[in-house]
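We will go from the whole chain to single residues.

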Amino acid sequence: MSGAPPPVPPPPARVEPRRPPVATTSDGRRRSQIDTARARLAIGAGAFGLLFLALAGRVVDVTLLSAGQPRIVAPPQAVIAEEPRVERASITDRNGVLLAASLPTAALYANPREIADPAEAARKLATVLHDLDPALLAPRLESDRQFVYIRRHLTPREQDAVNRLGIPGVHFQRAERRVYPQGRAAVHVLGGTDVDGNGIAGVERAFDARLRAEVGTPLRLSLDIRVQHVLREALDRAIARFEAIGGAGVVMDVDTGEVLAMVSLPDYDAAETATAPAEARFNRITVGVYEPGSTFKILSTAMALDLGTVRLTSGFDASRPITYGRFTISDFRGKNRWLSVPEIFAYSSNIGTARMVLEVGVPRHRAFLERLGMTRRLGIELPETALPLAPGPRQWREINTMTIAFGHGISVTPLHVATATAAMVNGGILRTPTILARDSASPPPGERVIRAETSATIRRLMRLTVTHGSGKGADVPGYFVGGKTGTAQKVGANGRYLRDARISSFTGIFPAHAPRYVVYLMIDEPKPQRDTHGYATGGWVAAPAAKEVIERIGPLLGIVPEPETETIRAALAITLPGQAPPVRPAAPAATQRQAALGVPERRVAAQ
């Protein structure tokens, strides 16, 4: 047994390597989410890190690098809504005060084909637009038309109220409304527009194309609305006091021809141009033609002096009336004696003026008035102008010259009188009147109608009328007013003079030694009053109204009252019979040069 081979041991058992357990599907998804979250946290941390790094850099820059250096920060830009465009330019006075402007509005219209119940729609609209009559509106909404205007201009509140009604077939349309902030002031100058925005009168009509073409540029007029208000108030008071039917007035720059104020009463609100009565729309300044009365003696005297047919020392017999055929020329409260030329002017002698103009002769008299524009329309920029009523060349005879010499037998507009007066006192230059603002430093060229020496004489005569004649009621201390009164009977429809209907007027200048402005006022059919001793002449009616205007507008126009110096006294002095001629002081060299050129000396406060 010992020899038996030893038993073979069994082979060792094989040990398999240990493997990790296989992950399930849910475990893999969880691990993926964890990895994603970690990545996001890393990105977020990096972003915050960059942000804090930028903040730290900014802090270092502000506190260390740029300390003490101010920074200019641009203001935030406001967002402004674009205003609706209008189709008509505004109008201003010479100082930029708004006289007329266009405002965007809404128009209300309907399409009757879209309205289910016209009666109900009309009833609803009447609840918010109280001026609508449902009974009249409903039939219009029942028509077969596609467009029916309901209201032209709605306020924003009315538009909102209509919109809230929610009526199908009722729509809004963009519209435009012309407004006049000054109301009645300057209404005859401004005129007005129709419902479609077309100019129908005044400046609105004359400059219709300009107002449409240059919407962004206001049209600047020569008017001064302050002077306009003063003139209107003075006229209104005079009309009320003397129970007149109307009146008119104008203020004009004697050197440029600019009209600073133009008033005609009665008037109306500018927004009612299309519906105003004809009497209110009638512009007495440019359309009304009247016999100018004694204000025409300014022209007659200037003509005779300028042509050399008379001198200041000349005189004429005014002791008795002039009889010429069936006509008799007499004086109102005449002196009944021989009168010198200054006396004829100051005392307003019809007899003396007629004899004086006869020395000139018919042809030269008519030619002189034609040069002054007394037989043609004035060229002012208004469509409403009238042609004077004057005898034709063949009908103009000696009797016409005699009566026209003192303002009878010819009818012109008040603007004709004011324009001619300006030429008589500004050195003798006739300029076309204008309602557009001009540069006062460079007046437009005009036509010389009388010599500068004659113009200076007329200024003295006009001052004499206010200090010693019929114009005493117009004097204003410190303004040295000059002027001439006028009273003329009105002509009736049958061509005959009306017994108790007259035109009382006054044309004045100030200051007389260096005129700046002409002031003309006319009262239509004033009634005599007890406190005027039964008179309703120009001296009692128009002259005091002119005084009120001058003393109120003088300061507004920069003209201050001044004491009467030797220079002023000499410039206005005039010799009457029995008086010694005044001693005139030597004028400075500059003034002598001005006189040689026909430029009047001035003393005017800065405007």
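The tour below takes the chain, its cores, its largest pocket and one histidine in turn.

**Stop 1: the whole chain**

Bear in mind that this is a predicted model. Colour the protein chain by secondary structure: there are 19 helices and 18 strands. Now colour by burial. Of the 607 residues, 48% are buried.

**Stop 2: the largest nonpolar core**

Select Ile 91, Val 203, Leu 221, Val 259, Leu 299 and Met 424. These have the most contacts inside the largest nonpolar core, a set of 91 residues. Next, show helix H15, residues 414–425. This helix gives the most to the core, with eight residues. Nonpolar side chains tend to be buried together in soluble globular proteins.

Zoom in on Val 203. Which residues does Val 203 touch, leaving out those up to four places away in sequence? The list is Ile 91, Val 189, Leu 190, Gly 191, Asp 208, Leu 211, Leu 219, Leu 221, Leu 382 and Ile 435.

Then move to another core, which lies apart from the largest one and has 36 residues. Select Ala 238, Ala 244, Leu 521 and Ile 523, which are among them.

**Stop 3: the largest pocket**

Select Phe 332, Asn 350, Phe 406, His 408 and Thr 487. Of the 50 residues lining the largest pocket, these lie nearest its centre. The space in this pocket is about 1,700 Å³.

Strand S12 (327–329), helix H14 (398–405), strand S16 (482–491), strand S17 (497–510) and helix H17 (538–556) each supply at least two lining residues. Colour the lining by class to see 23 polar, 16 nonpolar and 11 charged residues.

**Stop 4: His 229**

Select helix H8, residues 225–241, and pick out His 229 within this helix. Is His 229 buried, partly exposed or exposed? His 229 counts as partly exposed because its relative accessible area is 32%, between the 20% and 50% cut-offs.

Finish with its contacts. Leaving out residues up to four places away in sequence, His 229 touches Gln 182 and Ala 185. Draw a C-alpha to C-alpha distance from His 229 to Gln 182: they are 9.5 Å apart in space and 47 residues apart in sequence.

Key:
Residues numbered from 1 in each chain as written. Predicted model: local features only at pLDDT ≥ 70, side-chain atom pairs only at ≥ 80, totals over all residues. Heavy atoms only, no water. Helix = DSSP H or I, 4+ residues; strand = E, 2+ residues; numbered from the N terminus. Buried < 20%, exposed > 50% of the residue type's maximum accessible area, 1.4 Å probe, protein only. Core = buried A, V, L, I, M, F, W, Y, C linked by side-chain atoms within 4.5 Å. Contact = heavy atoms within 4.5 Å. 1 Å grid on protein atoms, 1.4 Å probe; cavity = no way out; pocket = protein on both sides within 12 Å on 5 of 7 lines; lining within 4 Å. Points joined across faces, edges and corners; volume = space filled by probe spheres on them. Nonpolar A, V, L, I, M, F, W, Y, C, P; charged D, E, K, R; others polar.
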